[in-house]
Amino acid sequence: MKKVVSGVLFFVILIVILTFLGFVFSPKYLFKNVNLNKISDVDARLAKEENYSLDIIVLGDSLSYSSISPLEWWRDYGYTCYNFGLVGGKLTDVKKAYSTILTSQKPKLVLLETHVLYRNDSRDNEVNNIITKAINSIFPITKYHDNWKVPFIENRSGSYKGFTISHTVAPGENKDYMIPGNEEDEIVSYNIKTLQEINELCIQNGGELILYSAPSMKNYNFARHNTLCKLARDMNVKYLDVNLADEDLHIDFTTDTRDNGDHLNVYGALKATSYIGRYIHDNYSLPDKRSSDIAAPWNEILEEYTRKLAE
């Protein structure tokens, strides 16, 4: 009998702890009670931009906001771009973010970094999806368990149009990780469906979707390249694999990564941004807004950004 009581007491305490943690790690509580910058929220970031002023947006997870610096394009071409990459974002999160962005912006180009296609949303199985939703409803900690990292995530002030500047150098090897072959690394069907829905949103709102893969030894290989090329062909969208742009890009993973070849640091990001910017300039006709009404605040931010780069 004593063992039964102890067992019941254990589960009661466990349920109380899980319920408490679910409350503490909920976004509503964290943003209200932890000293976080709310600019990480898409709505808050949009509020700082003039309505219908952005001609380019960047979507994805951390590989997106660590690889494209919009202010480089403003300085060189007068393009208005914002990087809406999400910390740990999954493709469904990206779709929701894009839908929110469309309430006040109609970007002509939508750049989607492809790593989110390989983040499994665990929603292919509808039964599993229903069970997961039920568990998340009862114990929110299962939904918000990753939020423990939020207070420690690098402060993304949003001052640089969503780009995170990192001068950290944590070298990786300069090894050949894009070895040609015929293998493919399949993408789960739910993510393909969600991507198709994002593309439909682009078309309906006068935009064009461009898929791109940022240089990353830890996240890309030729099998993924093959799959992404085929997917882009099937969807009739452009795909830029920056991992294969060595001759023009000169990424050096001994100096251009902040975490051993996973994400680019600022030195690698400037190279990737320049490469993709040249592609856009050569293939699309976007307005140069450096003489427009919105130029003054963009130039002010550019000055601060330039100083930050030199630190």
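Is T194 buried or exposed? With a relative accessible area of 2%, T194 is buried, where buried means under 20% relative accessible area, exposed over 50% and partly exposed in between, computed with a 1.4 Å probe on protein chains only. T194 belongs to helix α9. Helices (H or I, at least four residues) and strands (E, at least two) are DSSP runs, numbered from the N terminus. Apart from neighbours within four places in sequence, T194 is in contact with L91, T92 and K95, a contact being heavy atoms within 4.5 Å.

The structure is a predicted model, in which local features need pLDDT of at least 70 and side-chain atom pairs count only at pLDDT 80 or more, while totals for chains, interfaces and linings use all residues. Residues are numbered from 1 along each chain as its sequence is written, and side-chain values use heavy atoms, with hydrogens and water left out.

The protein chain contains 13 helices and 5 strands. Of its 311 residues, 47% count as buried. The accessible surface of the protein chain is about 16100 Å², and carbon and sulfur atoms hold 54% of this area; accessible areas come from the Shrake-Rupley method with a 1.4 Å probe, and for residues only the protein chains shown count as cover. Among contacts in the protein chain with a separation of 6 or more, 84% are between residues 24 or more positions apart.

An open sheet of 5 strands has the order β2-β1-β3-β4-β5, and its pairing is parallel. Two strands pair if DSSP finds at least two bridges between them. The edge strands, β2 (81-83) and β5, each pair on one side only. Neighbouring strands of this sheet are turned against each other by 20 degrees on average, direction ignored. Axes are lines fitted to C-alpha atoms, for helices over the stretch in contact, and angles run from 0 to 180 degrees between N-to-C directions. Helix α9 packs on the sheet, where it touches β3 and β4, and the direction of α9 makes about 135 degrees with that of β4.

Strand β4 (residues 208-213) has 5 of its 6 residues buried, so it is largely enclosed by the rest of the structure. The parallel pairing of β3 with β4 extends over 5 bridges. In these, L112 has L211 of β4 as its bridge partner, and E113 has Y212 of β4. Strands β4 and β5 also run parallel and are joined by 4 bridges; the bridge partner of I210 in β5 is K238. From β4 the chain crosses through α10 to β5, and this β-α-β crossover is right-handed, meaning that, with the strands pointing away from the viewer, the path from the first strand over the helix to the second runs clockwise.

Helix α6 (residues 91-101) has L91, T92, V94, A97, Y98 and I101 buried. The buried residues of this helix pack against α3 (42-47), β1 (56-59), β3 and α9 (189-204).

Two loop residues are buried. H115 lies in the loop between β3 (109-113) and α7 (126-138) and counts as buried at 12% relative accessibility. The side chain of H115 makes a polar contact of 2.6 Å with the side chain of D61. A polar contact is a pair of N or O atoms within 3.5 Å; within protein, one must be able to donate a hydrogen and the other to accept it, and residues adjacent in sequence count only if both atoms are side-chain atoms.

K161 lies in the loop between α8 (141-144) and α9 and counts as buried at 4% relative accessibility. Not counting residues up to four places away in sequence, K161 touches E49, P70, L71, C81, Y82, N83, W298 and I301. The C-alpha atoms of K161 and Y305, which are 144 residues apart along the chain, are separated by 9.8 Å.

Backbone angles were also examined. Most residues other than glycine have a negative phi. Y52, in the loop between α3 and β1, has a positive phi of about 55 degrees although it is not a glycine. N236 is likewise not a glycine and has a positive phi of about 60 degrees. The loop between α10 (222-235) and β5 (238-241) holds N236, which is exposed, with a relative accessible area of 71%.
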